[in-house]
Amino acid sequence: MELAVAIGLIILKVALLIAMLLLLPLPLTWVERKIAGHMQQRMGPMRVGWHGLLQPVADGIKLLTKEDHIPAEADRFLFKLAPILALAPPFVVFVAIPFGESVSVLGNEITLYVSNMNVALLFVFAVIGLEVYGVIFGGWAANSKYAVLGSLRTCAQMISYEIPMGFAVIGVVMLAQSMSLLEIVRAQEDVWNIVYQPIGFFVFFVAGLAEAQRIPFDLSEAEGDLGAGFHTEYSGIRFAFFMVSEYVVMLLVSVLTVILFFGGWNGVLIPLPPLLWFALKVAFFVYLFMWFRFTFPRYRYDQLMAIGWKVLLPLSMANIIITGIAFS
Amino acid sequence: MSRARDTIGTWIGWTFFADLANGLSLTFGYMFSKSVTMQYPDKEKWLPYSRYRGHHFLKRDEEGEIKCVACELCARICPCYCIEVVPYEDEKGNRRPAKFEIDTARCLFCGLCEDACPADAIALGQQYEFSSFSSRDLVIGRDDLLAKPGKAATGGGVVAARLNTQKDVLVETDERQGYNWWRNIRRR
């Protein structure tokens, strides 16, 4: 009986998580377009609903009713598989991510995470690395030179940025003496990691921008020079899958930044509910992503590689050494 | 000495991403600045200046009679031959146009007809919304030309308007005078 309740609770949490992650991109696209508009002295969407609030719904209907086009020379199996491969890993990662300690519902303590893994950080990096398969398969299967170029760039970018990203969090793990994300947040109760790990935060966030394939590192879809990169040939709901995946990865990088460097749900000064603190911090980083997008130009391919190998990798290694010396 | 200091300053700036921060602060400032969008068919509409050359109109004199004397000078000077005038003699013995047709599909809105007119009868007014699905509908007759709106009285402003799609697609407005859009969008 107890087991059944526990399993039921896990299923309920996962369902809630999936619903949240599938629905969040809708308001996020609206917010992104509004921010883009106002930064360029435009208004953004205005015509569907109050201030264009129903625009994402209209876009969703449009994408659902569009023709699902597969190019004649495409590898049909991989072409159909790629959006799913791109969408699934970011969702899987959220299983290991805690959103808070626990809340009491009807007298029962319910934890705000699906599982408290002791190697959660390792799990996150292992699974998020799989997302690149969707991009590579999508680019390869479409049999278009733009798509192949986009996916090749992504491949190189992911390899060169996952290494500094992994090194950057080692400092955090050293401080918390644990790889569990829950323990990492608990270790930051008094002082956030950003105080001890500014270099680590910098490297992690820049690598996270590259990981989420956002400007200034959105070389995989570089609409100026590659059409739309790896999803040039995609249309309809398959394209929507790639879009949702992009937004979920953006959320994921924001959430990870908050958990690893900004104290998770620990508040400062103003006593707010922990979950609200968490949401506010994540929202700030999501805004930062969008703000960057409409400010910076895109890096050239060789510059991207140079930053990854010549700047971020030595910086992250130096960070490990400094942390090791300072806290030994 | 000062040059070396400048170089060092630039390097320090680069180390702390001064240029990136500059760009970010600029876009952040723009985010809270006034939007330049004119919400044209939905909420606002542009009223042109009085010198604007829009749709032609024919004028009437004080007695309400058409001013045109059907001299056909406008038809002669028209560079694209889009005006067709057929004269007749009315009951008072005056020469008036029986037919006055302008093919606005061919017209290039140069305003030469307005300059050539000896009776100050034809002019180019403020109306600019007369697109059509058929080029035949763009041949405008005498009575339609008499009913067209004249020159803008004040002009050069944005007025509140609304889109009316009840029987025809129209952008309606009640206001005569708009606010100065150009001055409004300028950032302090």
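Reader: Okay. And what kind of model is this?
Author: It's a predicted model, where local features need pLDDT of at least 70, side-chain atom pairs count only at pLDDT 80 or more, and totals for chains, interfaces and linings use all residues. Residues are numbered from 1 along each chain as its sequence is written, chains are lettered from A and ligands numbered from 1 in the order they are written, and side-chain values use heavy atoms, leaving out hydrogens and water.

Reader: What does B:Cys71 touch, apart from its neighbours within four places in sequence?
Author: B:Arg95 and B:Pro118, where a contact is heavy atoms within 4.5 Å.

Reader: Which residues does the UniProt "binding site" annotation cover?
Author: According to the unreviewed UniProt entry, B:Cys68, B:Cys71, B:Cys74 and B:Cys117. They are spread over 50 residues of sequence but cluster in space, with a largest C-alpha distance of 10.5 Å. Keep in mind that UniProt annotations may be inferred rather than shown by experiment; their feature names are shortened and their positions follow the numbering used here.

Reader: And where's B:Cys117?
Author: In the loop between α4 (112–116) and β5 (122–124) of chain B. B:Cys117 counts as buried because its relative accessible area is 18%.

Reader: Switching topic: how do β3 and β4 of chain B pair up?
Author: Strand β3 (residues 83–89) and strand β4 (residues 95–103) of chain B run antiparallel, joined by seven bridges; a pair needs at least two bridges found by DSSP. B:Val85 stands opposite B:Phe100 in β4(B). The two strands form a hairpin with five residues between them, and B:Gly93 in the turn has a positive phi of about 90°.

Reader: What else does β4(B) pair with?
Author: Strand β6 (residues 139–140) of chain B, antiparallel over two bridges. There, B:Ile102 has B:Ile140 as its bridge partner.

Reader: How many aromatic pairs are there over all chains?
Author: There are 26. Rings of Phe, Tyr and Trp (its six-membered ring) pair if their centres lie within 6.5 Å; planes under 30 degrees apart are stacked, over 60 edge-to-face, and the rest tilted. One of them is A:Trp192 with A:Phe262, edge-to-face at 6.1 Å centre to centre and 65° between the planes. That pair links distant parts of the chain, 70 residues apart. Both A:Trp192 and A:Phe262 are buried.

Reader: What about A:Phe205 and A:Phe292?
Author: They're edge-to-face too, 6.0 Å centre to centre with 75° between the planes. A:Phe205 is in helix α10 (residues 198–211) of chain A and A:Phe292 is in helix α13 of chain A, 87 residues apart. A:Phe205 is buried because its relative accessibility is 5%.

Reader: Which cluster do the ring pairs make?
Author: It includes A:Trp192, A:Phe205, A:Phe262 and A:Phe292, along with others such as A:Phe201 and A:Phe296.

Conventions
Helices (H or I, at least four residues) and strands (E, at least two) are DSSP runs, numbered from the N terminus. Buried means under 20% relative accessible area, exposed over 50%, partly exposed in between (1.4 Å probe, protein chains only).
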